[in-house]
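Here are some notes for a first reading of this structure. Please keep the structure open while going through the points.

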Amino acid sequence: MISAANSISPLLELVDKVLIQKKQPNCVFDAGYYAQLASTKNRGGGKVNYGQILMLLPIIVGQCLLYVEEREDYGHIELFDRIYKAMGETTVEDVAWLQKLVDLSTELSATHNQRIGKIRHQLRPQFAGNTILEAIHADQFAHTMMATEIRDSYPICKRVYQELLTSPGEGLIAKSEHIFKKFLPELIRPDITADCISVAFYLAIFFHDDEVLFP
């Protein structure tokens with residue numbers, strides 16, 4: 001919760017930039033870097049919200065663009081289609097900030113693991129290309145869920161979201177316990193599973209804001 005609160009300001013600045021310019025800015029991924037940079041303030045731990053930042057940032061951009069384009073009555077499928085288009089219209093500057101974001105996250109993770117005496121192999125991708133869609137094909141990154149979700153319009157997050165809507169239990173927290181157990185064998189890593197659930201929570205809060213989601 002602390003890291004999420006820390007990350008709010010850079011993301012709000014991104015929202016303001018899109019709304020003021022009424023179009024996709026020349027760069028949006030700088031907000032991801034500054035959100036990650038701020039996330040560790042006043043708490044312990046490593047890069048716990050790296051995956052959430054990287055997957056939620058394109059969603060926020062897509063929402064803002066649909067808003068300025070006056071397309072307010074849309075569902076999650078249309079949102080993900082708009083996200084894919086937006087990532088194809090990113091710039092070399094975005095690619096440079098993506099590199100800084102991943103480098104920072106790698107450093108934070110290495111520092112955290114060293115502090116707790118854990119040895120973990122760190123992926124160190126080198127990004128290249130004119131857009132984010134081109135850049136995420138980089139070695140040591142193309143196979144990651146963050147890359148495949150952005151590249152393929154979030155197929156796993158869509159499934160988790162749909163499961164969240166139909167799972168037993170009252171409220172998102174209770175439902176998430178069922179979803180975590182269901183998807184963990186497939187996704188293997190608890191942190192990756194949690195990242196997908198975080199995206200599903202975000203979608204549920206946005207598309208079902210008239211419901212009691214946290215009873």
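1. Buried here means under 20% relative accessible area, exposed means over 50%, and partly exposed lies in between, with a 1.4 Å probe and protein chains only. By that scale K182 is partly exposed, at 46% relative accessibility, whereas E163 is buried, at 17%.

2. This is a predicted model, in which local features need pLDDT of at least 70 and side-chain atom pairs count only at pLDDT 80 or more, while totals for chains, interfaces and linings use all residues. Residues are numbered from 1 along each chain as its sequence is written, and side-chain values use heavy atoms, with hydrogens and water left out.

3. K182 and E163 form a salt bridge, their closest N and O atoms being 3.0 Å apart. A salt bridge is a side-chain nitrogen of Lys or Arg within 4 Å of a carboxyl oxygen of Asp or Glu. The pair links distant parts of the chain, as K182 sits in helix α9 (residues 172-187) and E163 in helix α8 (residues 155-166), 19 residues apart. Helices (H or I, at least four residues) are DSSP runs, numbered from the N terminus.

4. How many salt bridges does the structure hold? There are eight. One of them joins R82 to E69, with 2.7 Å between the closest N and O atoms. R82 lies in helix α4 (residues 76-88) and E69 in the loop between α3 and α4, so this pair ties together parts that are 13 residues apart in sequence. R82 is buried at 6% relative accessibility, but E69 is partly exposed at 32%. Both residues belong to a network of salt bridges that also links R71 and E78.

5. A further salt bridge joins the side chains of D152 and R151, at 3.1 Å from N to O. D152 is partly exposed, with a relative accessible area of 37%, and R151 is partly exposed too, at 29%.

6. The largest nonpolar core has 64 residues, and F29, L98 and F141 have the most contacts inside it. Helix α3 (residues 50-68) gives the most to this core, with twelve residues. Such a core is a set of buried Ala, Val, Leu, Ile, Met, Phe, Trp, Tyr and Cys residues joined through side-chain atoms within 4.5 Å. L98 touches F29, L54, F127, I132, A135 and I136, leaving aside residues up to four places away in sequence. Contact means heavy atoms within 4.5 Å.

7. Helix α2 (residues 30-39) has eight buried residues out of ten, so it is largely enclosed by the rest of the structure. Among the buried ones are D30, Y33 and Q36.

8. A disulfide is a pair of cysteine sulfur atoms within 2.5 Å, and the structure holds zero disulfides. C157 is buried at 0% relative accessibility. For C64 the closest cysteine sulfur, in C27, is 15 Å away, also too far.

9. The largest pocket holds about 940 Å³ of space. Of the 29 residues that line this pocket, A4, L11, L56, S198 and Y202 are the closest to its centre. The largest share of the lining, nine residues, comes from α3. On a 1 Å grid over the protein atoms alone, a pocket is an open set of points where a 1.4 Å probe fits, with protein on both sides within 12 Å along at least five of seven lines; lining residues have an atom within 4 Å of a point. Grid points are joined across faces, edges and corners, and the volume is the space filled by probe spheres set on the points.

Notes
Helix = DSSP H or I, 4+ residues; strand = E, 2+ residues; numbered from the N terminus.
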